[in-house]
Amino acid sequence: MDPDTAKLRRGLRAAGLSDQVIQAAWPSWWSDELANDASGRAELRFALARRLGVSPRGLLGERVEFVWNDEAKFKNLSAEDEAHQAALTSFGMTIGRLLVRATPRNGSLDGLDAFVIREAILAGQQYVDLGGLLALCWGVGIPVIHLRVFPLEAKSMHAMVVKVDERYAILLGRDARYPAPIAFTLAHELGHIILNHLIGAPALVDLKDPATVTHPDDQEKEADTFALSLLTGRPDPYITASTTDFNAPTLAAAVLRVGPQQGIDPAMLALCLAHRTGAWPQAMSALKFIYQRQGGPIWRDINAQAITQLEWGEIGQDSAEYLRKVMGTDV
């Protein structure tokens, strides 16, 4: 590696960016021969600036300056996260803008509440699940992807909503072996959008899993209530078991029987019971019986759907290559 390129990479790492995102953002057309050409070095910096959300002028001066600094709303922010805000926001805004450009707007959720949206989904299926939520989002022009490349060495982000010209994109950071936990996260992020929590901010970042936060702020409580209303039909579902002596198979059998009767995803019903009673080991083990398969990474299903929905020609080959890397679908 030539000294100029090595210096540039060191500068990006010093700004807090991970080797993973630097490698993903590095253009495939770069070669050692271009390192000896001044215009080639400049074009490299412009390409990295576009992909990472940093100032091209700063990179030309060997100083990393993020385009978006502290404008985003961060939920559950800790002191050690503060230095990383600009990197997370700039990366997320760059990806969100690409997604919105590549997604046609076919409708709107303006003026709707959780119960109206729930009824719309239930018109075509037994209960609201991850598949129904994804179909809803793509149907109204809200792209949803799962990040496989993260801007920081530690992920430090559970999910993020990006706002671009009154449109939105949802970036998921959490993976799971089964769909139901991701469904709650997605419903929570939809709540932030529909409840107008992004007023005055280009993005909102949930750094932690909303389902596990012990002292949520008012907006997080509102988004949780929205998610539960959408998924279960109740803002605060009171789920109980007829006995405290149950195991994973018996719990699975019970929710598979009751869930469809109530219009609730059986897996979500099990998770609601666990949240209220603390029976997390039984509930998580029950998911294997509910889905009748071994768990696998859900991000693959989410991004496979995104690939078919995005209009790749709208963002150009260079941006499409980067977005596919971020989605883990470039191979």
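Residues are numbered from 1 along each chain as its sequence is written, and side-chain values use heavy atoms, with hydrogens and water left out. Because the model is predicted, local features need pLDDT of at least 70 and side-chain atom pairs count only at pLDDT 80 or more, whereas totals for chains, interfaces and linings use all residues.

Let me begin with helix 9. Helices here are DSSP runs of H or I with at least four residues, strands are runs of E with at least two, and both are numbered from the N terminus. Helix 9 covers residues 218-232, and its axis comes within 8 Å of the axis of helix 8, residues 179-194, with a crossing of roughly 120 degrees. Axes are lines fitted to C-alpha atoms, for helices over the stretch in contact, and angles run from 0 to 180 degrees between N-to-C directions. Helix 8 is therefore oblique to helix 9. As to the terms, angles under 35 degrees count as roughly parallel, over 145 as roughly antiparallel, 65 to 115 as roughly perpendicular, and the rest as oblique.

Which residues of helix 8 and helix 9 make the contact? On helix 8 they include Ala 183, Phe 184, Ala 187 and His 188, and on helix 9 they include Gln 219, Glu 220, Ala 223 and Asp 224. Contact means heavy atoms within 4.5 Å. By class, the contact of helix 8 with helix 9 has 11 nonpolar, 4 polar and 2 charged residues. Ala, Val, Leu, Ile, Met, Phe, Trp, Tyr, Cys and Pro count as nonpolar, Asp, Glu, Lys and Arg as charged, and the others, Gly among them, as polar.

Helix 9 also packs with helix 6, at an angle of about 30 degrees and with the axes 8 Å apart. Helix 6 and helix 9 are therefore roughly parallel to each other, and helix 6 passes helix 9 in a right-handed crossing. Helix 6 contributes Ala 114, Phe 115, Ile 117, Arg 118 and Ile 121 to the contact, while helix 9 contributes Phe 226, Ser 229, Leu 230, Leu 231 and Thr 232. The classes here are 7 nonpolar, 2 polar and 1 charged.

I turn to Leu 112, which sits in the loop between helix 5 (85-101) and helix 6 (114-122). Is Leu 112 buried, exposed or partly exposed? Leu 112 is partly exposed, with a relative accessible area of 32%. Buried means under 20% relative accessible area, exposed over 50%, and partly exposed in between, for a 1.4 Å probe and protein chains only. Leaving aside residues up to four places away in sequence, Leu 112 touches Ile 117 and Ile 194.

Two buried residues follow. His 146 lies in strand 2, residues 144-146, and counts as buried at 0% relative accessibility. A polar atom of the His 146 side chain lies 2.5 Å from the backbone oxygen of Arg 174, and one lies 3.4 Å from the backbone nitrogen of Asp 175. A polar contact is a pair of N or O atoms within 3.5 Å; within protein, one must be able to donate a hydrogen and the other to accept it, and residues adjacent in sequence count only if both atoms are side-chain atoms. Beyond four places in sequence, His 146 touches residues including Trp 299, Ile 302, Asn 303, Val 326 and Met 327.

Ser 18, in the loop between helix 1 (3-14) and helix 2 (19-25), is buried with a relative accessible area of 1%. The Ser 18 side chain reaches the backbone nitrogen of Val 21 at 3.1 Å. With residues up to four places away in sequence set aside, Ser 18 touches Phe 150, Pro 151, Leu 152 and Glu 153.

Finally, backbone geometry. Most residues other than glycine have a negative phi. Asp 165, however, has a positive phi near 50 degrees; this residue lies in the loop between strand 3 (159-164) and strand 4 (167-172) and is exposed at 71% relative accessibility. Asn 196 has a positive phi near 60 degrees. Asn 196 is found in the loop between helix 8 and strand 5 (203-206) and is partly exposed, at 45%.

Note on methods:
Left-handed = near helix turned anticlockwise from the far one by under 90°.
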